[in-house]
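Subject: Structure handover and findings

Dear colleague,

Please find the structure below, for your own work. My notes on it follow.

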Amino acid sequence: ITSPTSFTYCLPLHHIHTNAKMVSFILGTTFLLSSLLPHGSHGFAPSSSSTRRHVGGHHSSIPTSSSQSKLTTHHMFTGIIEEMGEVISLETRDDMTLWDGSKGKGTEMVLKGDIVLDGAYLGCSISVNGVCLTATEIDEDAKTFKVGLAPETLRKTNLGAYVPESQQRVNMERASEIGGRNSGHFVQGHVDNVGTIMDQWIDENSLFFKIAFPYEFMRYVVPKGFIAIDGTSLTVCDVHSEGEDGENWFTFMLVEYTQKKIILPSKKVGDTVNVEVDVLGKYSERAWEAFVPKMEALETKVKQLEARLQELEGGESTTSSSATDNDVNYGQPIGGLSNVAAAATAPTPEQVKVKNTDGTEWVRTKQSFFDTQY
């Protein structure tokens, strides 16, 4: 793969194997996505500090000139939880002011934290149980901040089920900036769906969990792959998927240190967790879906070329249907790929037929033709 839109085929076309192509393409796509990071970086680093001031009864944070450019690069999370915060209130209001001045219904949550407010400012992103939320109000004295919960957030996550009176705690992490180390993985804070705890058990000093998860997302969950559970970057252990009507689950474990730093050990069988699968798997799948039809079209052209060579040699075609010049369409772009480096061209009489010294004609072997043309 030479670029996102340009493909070069270096192997003989009749030796292309689907499995090898798939692995090469997925690895190439992953490398391409990883290359979007600045050169020399290893992922993300904690956010830089900023100057804070009290505005209108709430504390906001104004970036200094030296840090303003860095603050604009905050996009994602690492899955390394910085602290366990507390839900102070959860309220649904009918008087939320929209962009055009009209009133609408909305849900707001007030949370208490300490570390996540270091460098926080109005409009910054904070991960709450793995959900990327925007700080709309900040009170530095009370160490609280307010966020809005959109209807989509309430549908896809378990945040709407939190009861402030129960003093339920949540995992919190500040947004990170591109340019530093990432001890977890690429976590967007875009929860795919909730999973349900099916079982939990102790394995020496490790705590195992078994999570039931919707079948439609199971293809993104792979053994030893990344997964974010309530915003925590964890490693998948086992995966079991029986289809839409069967059991679908995966397991992971918490090491001793992690058990003390996140809320998960306090949950019981039947409780829910927010789950975000590895986004790189989604991007690779989407790119591969666009590439497969073009590869299939290319393989069809190769089969047609083989059939044509059989005819030129005077043999029988090994394909189910005969190929003609119109079928093969020599010299045209294959399957819409305009950047194929070695497009197939029709063999000319000079390329195929050679005069022997005794005046008889013979046709070069198919393998010889492929070796010469490709």
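How many bridges join strand S7 to strand S10, and in which sense do the two strands run? Three bridges link S7 (residues 125-128) and S10 (residues 169-174), and the strands run antiparallel. Within S10, Met172 is the bridge partner of Val128. Please keep in mind that this is a predicted model.

Confidence

The mean pLDDT of the protein is 75, with 63% of its residues at 70 or more. Residues 1-20 have a pLDDT below 50, and this stretch makes 32 contacts in the model beyond near neighbours in sequence. Residues 351-364 also stay under 50 in pLDDT. For residues 351-364 the model has 20 contacts beyond four places in sequence.

Barrels

S7 and S10 belong to a barrel that six strands close in the order S5-S6-S9-S8-S7-S10, with antiparallel pairing. From one strand to the next, the twist averages 50°.

Another closed barrel of six strands runs S12-S13-S16-S15-S14-S17, and its pairing is antiparallel. In this sheet, neighbouring strands are turned by 45° against each other on average, direction ignored. Ala228 has Ser233 in S15 as its bridge partner.

Nonpolar cores

The largest nonpolar core has 23 residues. Met109, Leu111, Val128, Phe145 and Leu159 have the most contacts inside it. The elements that each give two or more residues to this core are S6 (103-112), S7, S8 (131-139), S9 and S10. S8 supplies the largest share, four residues. A second, separate core has 22 residues, including Phe209, Met218, Ile229 and Leu254.

Setting aside residues up to four places away in sequence, Leu159 touches Leu90, Met109, Val128, Asn129, Val131, Leu133 and Leu149.

Single residues

Lys146 is found in strand S9 (residues 144-149). Is Lys146 buried or exposed? Its relative accessible area is 17%, and the cut-off for buried is under 20%, so Lys146 counts as buried. Beyond four places in sequence, the contacts of Lys146 are Glu108, Met109, Val110, Thr134, Ala135, Thr136 and Glu137.

Thr232 lies in strand S15. Thr232 is buried, with a relative accessible area of 4%. Apart from neighbours within four places in sequence, Thr232 is in contact with Gly79, Ile81, Asn171, Ile227, Thr258 and Ile262. The C-alpha atoms of Thr232 and Met172 are separated by 9.3 Å, and these two residues are 60 places apart along the chain.

Cysteines

How many disulfides does the count come to? The count comes to zero. For Cys124, the nearest cysteine sulfur is that of Cys132, 9.5 Å away. A disulfide requires the two sulfur atoms to be within 2.5 Å, and therefore Cys124 is in none. Cys124 is buried, because its relative accessible area of 7% is under 20%.

Regards

Methods. Residues numbered from 1 in each chain as written. Predicted model: local features only at pLDDT ≥ 70, side-chain atom pairs only at ≥ 80, totals over all residues. Heavy atoms only, no water. Buried < 20%, exposed > 50% of the residue type's maximum accessible area, 1.4 Å probe, protein only. Pairing = 2+ DSSP bridges. Axes fitted to C-alpha atoms, helices over the stretch in contact; angles between N-to-C directions. Contact = heavy atoms within 4.5 Å. Core = buried A, V, L, I, M, F, W, Y, C linked by side-chain atoms within 4.5 Å. pLDDT = per-residue confidence, 0-100.
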